[in-house]
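Here is a short briefing for a reader new to this structure. Look it over first, then read the points below.

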Amino acid sequence: MQQILSVNNLSKQYGKIHALNNVSFNVPKGCVYGILGPNGSGKTTTLGIILDILKANTGNFLWFEDNPQNHKTKIGSLLETPNFYHYLSAVNNLKITQAISGRGNENDIDEVLEIVNLSQRKNSKFSTYSLGMKQRLAIAAALLGNPDVLVLDEPTNGLDPVGIAEIRELIKKLAQQGKTIIMASHLLDEVEKVCTHVAILKKGNLLVNGNVNEVLANEDIVEVNASDKQTLIQILNNMSGYTKLVEEKNAIQLFYPQGTAQLDTINEYCFNNGVTLNMLTQKKKSLEAKFFELTNN
Amino acid sequence: MFQLIKIEWLKIKRYPAFWWMFSIVALTYPGVNLIIGTIYNHTLVRNADKKEALSQIAKMLFGNPFEFPETWHTTAYFSSFFISIPAILVIMLISNEYTYKTHRQNIIDGWSRQQFITAKMMDIVIISLITTIIYTLVSLSLGIYFDDGHLARWAEQLQYIPLFFIQSFAQLSIAFLLGYLIKKAFIALGVFLFYSLIVENILVSYLKWKLQTHAYKFLPFEMSDELIPVPAFAGGFGKDMRDAYEAALSAIPMQLVYTLIFTSLIWVLCYKLQEKKDL
């Protein structure tokens, strides 16, 4: 399968600070690739390097398995903040984007402004826009000319809940059309809902990367509870099969190796030992839990 | 190249400061030269009535400095005092890119890093051309307005038109470099004005009169200032002054070489920095 982007051993230092440390990953065609990490973990630095505005100290990257400069115009990007000429209107700003990138034509400008709901204000100066409108214009600029690849850094920054939902739908729709989307975010919920692949960064180190199901679902979690919690814990201590027992406030969590948890067996065991469960559910570990687990230690 | 100019024009044509600069230059060049020309004429005429020997000599030697062909030289000299007007625009154009972070966006959208600098260089070529065109029109008009029978000599000394262009381009390139390195418009502008109007004049005087060296000819602004020497009538009388004037004229080709080398170095530096640095 063609790799849209290959990143090989990228390192970047700002003085003594290692912003990126030997980071490598591949983005296959047609995936939604989420780059996650706490503030200052190197997400924007990574995107800045692959978009040629930051210089890596070591390492390299390829777009479409080729020299990046040959393919810049196939990539629609939104990096960090919406960057436009304040004294120009949305339409005139997008004319510049169109002329530089060669993506789309003048008719496409109205179309992308329609997609992000800015048509009504398309002739107002950028300086009069609210934060959310600026962000919408930046997304419009990235979408201009329907590029095959989108690089989006915190795409829902500054948007209201409706706007966030709209952008999420938009990203899903674009992914269905076969576009490759590379997205950095710290909004885990957002990433979990749309991404097919994730990479998690912490202090410039790549902790884990790959298919979202592989990264997340490496353990089964079963939550149980009974009115007599202490007795339940005692009998569960004698039960085998799980790897770890954690007592929570309203439940007891049992951790199983992936695919080995069997709820009916647990229920039967407890009932046979005189405890009636009032709660028995299997949970998939959320991205949030995984994220905290990886980034906290 | 044409595509780069087209895109820069999209940025500039709706930028109010551009039209302000254009209007101010279009008013200043004719205004200042007309005032100087008129004062010179009046002084000469009034003094001539008194039959003052000095003014008679002046008239004999120089005629009216705004007549053909001297107008090309004189107008260029006085107009070049106002390089800081287009310099403000040049600094604004580059610092705007930093303020709006469009210096990054342009690259993200598809320009190579070098294309960004080339586009900016084109801005400065265009601004220099505009000031040169205004200067040429003003010079031509004054030559006709003050004419006293020298119209036939209009085509002499036309070399001041390309010299004026090169001087503008060289000095605006310095303005660009300051804006490019300093990034903040007001600081860059402050440095530009303080250096070009005060520091360098002090240095020139010090090197020229105190140390009696020619090193002053290599100072960044003086280097290209010497492309358009002080006109004969403003220099004064006497053999020393005449000799100095002739020497200044014959030094123009060398100053041109220095200027071209220095200006090329500025742009090489900009390209090299742009290639290496984080934007």
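Strand β1 (residues 3–14) of chain A is joined to β4(A) by five bridges, and the two run antiparallel. Strands here are DSSP runs (E, at least two residues), helices are DSSP runs too (H or I, at least four residues), and both are numbered from the N terminus. Two strands count as paired if DSSP finds at least two bridges between them. This is a predicted model: local features need pLDDT of at least 70, side-chain atom pairs count only at pLDDT 80 or more, and totals for chains, interfaces and linings use all residues. Residues are numbered from 1 along each chain as its sequence is written, while chains are lettered from A and ligands numbered from 1 in the order in which they are written.

**The sheet around β1**
- S11(A) stands opposite T58(A) in β4(A).
- The open sheet has three strands in the order β2-β1-β4 (chain A), with antiparallel pairing.
- β2 (17–28) and β4 (58–63) of chain A are the edge strands, each with a single partner strand, so one side of each has no neighbour in the sheet.
- On average, neighbouring strands of this sheet are turned by 15 degrees against each other, direction ignored.
- Helix α1 (residues 43–50) of chain A lies across β1, β2 and β4 of chain A, at about 115 degrees to β1(A).
- Axes are lines fitted to C-alpha atoms, for helices over the stretch in contact, and angles run from 0 to 180 degrees between N-to-C directions.

**Two domains**
- Chain A is divided into domain 1 (3–215) and domain 2 (218–296), with bounds from an automatic or database domain assignment.
- The C-alpha centres of these two domains of chain A lie 40 Å apart.
- Nine residues of domain 1 of chain A are in contact with five residues of domain 2 of chain A; contact means C-beta atoms, placed from the backbone, within 7 Å.
- On the domain 1 side, α6 (188–194), β8 (197–202) and β9 (205–211) of chain A each supply at least two residues.
- The largest share of that side, three residues, comes from α6(A).

**Contact with chain B**
- 25 residues of chain A are in contact with 21 residues of chain B.
- Helix α2 (residues 90–101) of chain A gives the largest share of the chain A side, seven residues.

**Chain A overall**
- Chain A has ten helices and 13 strands.
- The C-alpha trace of chain A spans about 75 × 45 × 35 Å along its principal axes.

Technical notes
Two residues are in contact if their C-beta atoms, placed from the backbone, lie within 7 Å.
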